[in-house]
Amino acid sequence: MTDKILEVKDLVVQYVTDDGCVEAVNDLSFSIGKKKTLGLVGETGAGKTTTALSILNLIPSPPGEIKSGSIMLDGSDVLTMDQEELQKMRGNDVAMIFQDPMTALNPVMTIGEQIAESIELHEKISKKESMERAKEMLKLVGIAESRAYDYPHQFSGGMRQRVVIAIALACNPKLLLADEPTTALDVTIQAQVLELIKKLITERDMSMLLITHDLGVVAEVCDDVAVMYAGRIVEIGTAAEIFNETAHPYTEGLFNSLPNLKQRGEKLVPITGMMPDPMDLPEGCSFAPRCPYATEACKKANPGLRHLGGSHYVACQAYERENFKLGGEQ
Amino acid sequence: MAKLNDNNEVKSRSMAQETWRRLIKNKGAVIGLIFLLTLVVVSILSGFIYDYDTDIIALNMGEALQAPSAAHWFGTDSLGRDIFARILYGARYSLMIGVGAVAIGLVIGVTLGAIAGFYGGAVDQIIMRVVDVFYSIPNIMIAVVIVSLLGTSTVNLLIALCFTCATSFTRIARASVMTIRDQEYVEAAYELGLPTWKIILKHIIPNCLSPIIVQVTLLIGTTIIAASSLSFLGIGVPSPAPEWGAMLSEGRQHIRDASYMCVIPGIAIMLTVLALNLLGDGLRDALDPKMKK
C-alpha cells in the first residue's frame with residue numbers, strides 16, 4: 001500500500017449525452033509505484049486522457065461522470081475529496097503536462113508569471129519569491145532566466161513544452177501526468193523533451209503516468225506498461241514483459257504496425273477495422289471484432305485479467321485454450 | 001542543450017507594446033487619438049480659463065447673434081454668449097457622459113457577460129434573455145423612459161445611457177468568454193488547482209479584452225451622439241449648461257439667419273465621434289493579429 005503512489009481500482013467513467021451513454025473508461029484498475037513510470041498506451045479514443053483527468057477529478061461534468069471505483073493518491077481517495085482539498089491537491093501533489101504546448105499557455109501572461117502562479121498559490125509565498133523560484137525552474141528546463149518576462153508567442157514549440165514542464169514541476173508534485181507530451185513536437189525536439197522529463201523526475205523522485213501511443217517512447221522511459229483498448233486495460237506488466245513476451249493480440253497488432261529494423265522492406269501489418277464506438281461497445285471482448293484469434297466464446301463474455309507470471313496480466317480468453325501462442329496458434 | 005536557448009537578443013514585447021506599435025502606424029488612429037487628447041486637455045483647461053457663471057451662462061443681450069469674428073471666434077448665440085467658450089466648456093459634458101456611461105456599462109456588462117458565458121445553462125439563458133429584451137427596445141426609447149421617470153439631470157442621463165452600453169458589452173463578453181473558456185490553458189489552470197474566480201479574472205477575461213476595447217471606443221462615440229440627441233430633444237443635460245446637443249437645439253430657431261449656431265456644435269459632435277471611430281478602427285486592426293502585414 002505504502003509503496004504505491006497511485007492506485008486506481010474499478011474505475012468507471014461515462015459521458016452521458018443526449019445521443020447516448022459513452023462508456024469511456026470501464027473497470028479500470030492499475031497502480032503506480034513510488035518513483036516508477038507507468039506508460040499508458042492505446043489508440044485515440046481508448047480513454048487515456050479521461051483516465052488522467054479522473055485522477056485530478058476534473059472530468060467535465062456534465063456530461064462526464066465517474067460512476068464508480070476509487071482513486072487512491074498516496075493513501076487518500078481523490079473521488080471523495082471536497083473542492084478545497086482538490087484545489088490543494090491539483091498542481092501540488094499531481095501535475096499535468098499537456099499534449100499541445102501551443103495552446104496550453106495563456107497568451108497574455110508572461111511565462112514567468114505563469115510558472116510563479118502555481119508556486120504562489122500552493123506554497124503561500126510572496127509574488128517576488130515565487131518569481132525567483134519560477135526563474136530557477138526555467139533554468140532547470142534549460143531556458144535563460146532573462147526570458148521569464150517574455151510571452152508564449154516568443155517561444156518555439158519545444159521551448160514552450162519546456163515551460164509547460166516547468167509549470168508542472170514547479171511545486172514538486174509526487175505524481176506527474178504527462179498526456180502525450182511529445183506528440184505535438186518535432187521528432188528532433190521529442191527526444192530532448194523526453195530526456196528532460198526523464199532526468200527531472202529521476203532527480204526529484206517523482207512518479208509519472210505517461211500517456212502515449214508511441215511505443216518507442218514507452219520503451220525509452222517507462223518501467224511498467226498498461227495497454228488500453230476501448231476503456232479497458234488489455235495487458236499490463238513491466239516494459240520488458242510487454243515488449244518481450246507480448247501476450248494480447250491487440251498489443252501484438254500495435255507492434256506489427258510499427259516498422260521493424262531487422263526486417264526492412266517488410267510491409268507493415270495494420271490492425272484491421274476500427275475501434276468500436278464507445279457508445280455501443282460490443283458484447284464480450286471489445287477487441288474480438290478485429291482480433292485474428294477471436295472465437296465465438298470471445299464475443300460472449302468479457303475476459304478478466306489473467307495472471308501470466310511476474311507482474312504480467314492479460315485480458316484475453318484465448319489463453320484458456322491450451323498451448324495458445326500469439327503468431328502461430330496450435 | 002541549455003546553451004542553445006541563452007538567446008538574450010530577443011526583445012521582450014508585451015501584447016500592449018506590440019499593439020501600440022501597430023496602432024501608431026495607422027494614420028487615422030493617430031489623428032483620432034491626437035484630436036481626443038487635445039479635446040480632453042482643452043475641456044480641462046477651459047475650466048480654468050472661463051468662469052462658468054460669467055463667461056458660459058451669463059446673458060449678454062447687447063452682443064446677441066453676432067457672426068464669427070476676431071472677438072468671438074465662433075460668434076455668439078441668441079443670448080449673447082460666446083459660442084467658442086461654450087463649445088470648449090461643453091466638451092466636458094460630452095466626454096464625461098460618453099466615458100461615464102460606457103465605463104458603468106462596461107463593468108456591468110462584462111460581469112454579466114462573463115458569468116453567462118462561463119457558467120452557461122440556465123444562468124446564461126436568464127441573463128441573455130433579459131439582455132435581449134433591452135436590445136429589442138430602441139435605445140432612445142429606453143433613455144426617454146428612464147429620464148422621464150427619474151427626471152432630467154446629467155446623472156440620470158448617464159444612467160439612461162449606460163443601459164444600452166451594458167447590453168452591448170454583455171453580448172460581446174459572453175461570446176468571447178465562451179470561446180476562451182474551452183482553451184487548453186484554462187483547463188491547465190484548473191489542473192494547477194487555481195480557484196474558479198481567479199481563473200476567470202486572470203486567465204479568461206484578459207484574453208477577451210481585444211473586442212471589448214474596440215467596443216469601448218466605438219460605443220463612446222455612439223453614446224455621445226445619443227446624449228446630444230437627448231439634449232436636443234430637451235431631456236438630456238438641462239439648460240443652460242453648454243451641452244453640444246442642447247446648443248444645436250437652441251440654434252435651430254436661428255438656422256436661417258445665424259446658421260453657425262447649428263453648424264458649429266454639429267461639427268464639434270461630428271469631429272469627436274469621427275475621432276473616436278478612427279481610433280476604434282485603428283485599435284481593432286492593431287489588436288487583431290490576422291491584420292498583421
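Okay, some ground rules. We're looking at a predicted model, where local features need pLDDT of at least 70, side-chain atom pairs count only at pLDDT 80 or more, and totals for chains, interfaces and linings use all residues. Residues are numbered from 1 along each chain as its sequence is written, chains are lettered from A and ligands numbered from 1 in the order written, and side-chain values use heavy atoms, leaving out hydrogens and water.

So, the sheet. In chain A there's an open one with eight strands, mixed in pairing, ordered S6-S7-S8-S3-S9-S10-S12-S11. Strands here are DSSP E runs of at least two residues, helices are H or I runs of at least four, both numbered from the N terminus, and two strands pair if DSSP finds at least two bridges between them. At the edges sit S6 (94-97) and S11 (306-309) of chain A, each pairing on one side only.

Further in, S9 (residues 224-229) and S10 (residues 232-238) of chain A run antiparallel, joined by six bridges. For instance, Val227(A) has Glu235(A) in S10(A) as its bridge partner.

Cys285(A) is buried at 12% relative accessible area (buried is under 20%, exposed over 50%, partly exposed in between, with a 1.4 Å probe and protein chains only). Cys162(B) is buried too, at 7%.
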